[in-house]
Amino acid sequence: RMLLPKYPNCAMLLLTWLLFLVGLSHAQLVPKVVVVTTFPPEFVRWKERLQLKEELQFPGGAGSKVLCWNSELEVLGMVTGETSKHAAQSVTALGYDQRFDLRKSAWLLAGIAGVDPLVGTVGS
């Protein structure tokens with residue numbers, strides 16, 4: 001005979017609270033800035049200039065399976081992959097990643113146009 005709690009909602013609330021407390025016991029990274037790019041060649045300069053040397057595994061990412069972190073500047077960099085589907089998948093995975101507290105982070109969405117700057121206008 002399986003024992004079920006008399007008040008299943010209370011049991012679920014207690015379980016949720018315990019999981020929340022377990023999550024708080026681990027130190028989270030709190031990026032000041034999250035730099036988001038769509039493909040690796042675009043990300044190279046950000047990685048070099050911001051010295052994003054620490055690589056963190058990111059299995060939920062569509063573009064890159066690695067996030068780059070600078071603990072001194074508190075900057076996190078990511079490559080989402082091209083297309084809105086990949087960007088949505090990567091950013092959502094980052095939002096659910098318990099290693100990060102993104103509530104106060106500023107987001108920088110970097111991108112290139114693909115227009116020859118000698119021919120196109122600013123903002124093309």
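Me: Let's begin with one residue. Is Thr80 buried or exposed?

Reply: Buried means under 20% relative accessible area, exposed over 50%, and partly exposed in between (1.4 Å probe, protein chains only). Thr80 has a relative accessible area of 2%, so it's buried. This is a predicted model, where local features need pLDDT of at least 70 and side-chain atom pairs count only at pLDDT 80 or more, while totals for chains, interfaces and linings use all residues. Residues are numbered from 1 along each chain as its sequence is written, and side-chain values use heavy atoms, with hydrogens and water left out.

Me: Okay, and which residues does Thr80 touch?

Reply: A contact is a pair with heavy atoms within 4.5 Å. Skip residues up to four places away in sequence, and Thr80 touches Val36, Thr37, Thr38, Ala62, Gly63, His86, Ala87, Ser90 and Val91. You'll find Thr80 in the loop between β4 and α3 (84-96).

Me: How many helices and strands are there?

Reply: Helices (H or I, at least four residues) and strands (E, at least two) are DSSP runs, numbered from the N terminus. This chain has 3 helices and 5 strands, and they come in the order α-β-α-β-β-β-α-β along the sequence.

Me: What share of the chain counts as buried?

Reply: Of its 124 residues, 25% do. As for contacts with a separation of 6 or more, 58% of them join residues 24 or more positions apart.

Me: Which residues make up the largest nonpolar core?

Reply: A nonpolar core is a set of buried Ala, Val, Leu, Ile, Met, Phe, Trp, Tyr and Cys residues joined through side-chain atoms within 4.5 Å. Here the largest has 11 residues: Val34, Val36, Leu56, Phe58, Leu67, Trp69, Leu76, Met78, Leu94, Phe100 and Leu102. Strands β1 (33-37), β3 (66-70) and β4 (75-79) each give two or more residues to this core. Apart from it there's another core, of 6 residues, including Val35, Leu52, Cys68 and Val75.

Me: Now for Gln57. Where does it lie, and is it buried or exposed?

Reply: Gln57 sits in strand β2 (residues 54-57). With 54% relative accessibility, it counts as exposed. Beyond residues up to four places away in sequence, Gln57 touches Lys65, Val66 and Arg99. From Gln57 to Cys68 you count 11 residues in sequence, and the C-alpha to C-alpha distance is 8.9 Å.

Me: How many salt bridges does the structure hold?

Reply: Side chains of opposite charge can pair when their charged atoms come close. For a salt bridge, a side-chain nitrogen of Lys or Arg must be within 4 Å of a carboxyl oxygen of Asp or Glu. The structure holds 4 of them. One of these joins Glu55 and Lys47, at 2.9 Å from N to O. Glu55 is partly exposed at 46%, and Lys47 is partly exposed at 28%.

Me: Which side chain does Arg99 meet in a salt bridge?

Reply: That of Asp97, at 2.6 Å, N to O. Arg99 is partly exposed at 31%, whereas Asp97 counts as buried at 14%.

Me: And what is the N to O distance between Asp101 and Arg103?

Reply: Their salt bridge comes out at 2.8 Å. Asp101 is buried, with a relative accessible area of 15%, but Arg103 is exposed at 73%.
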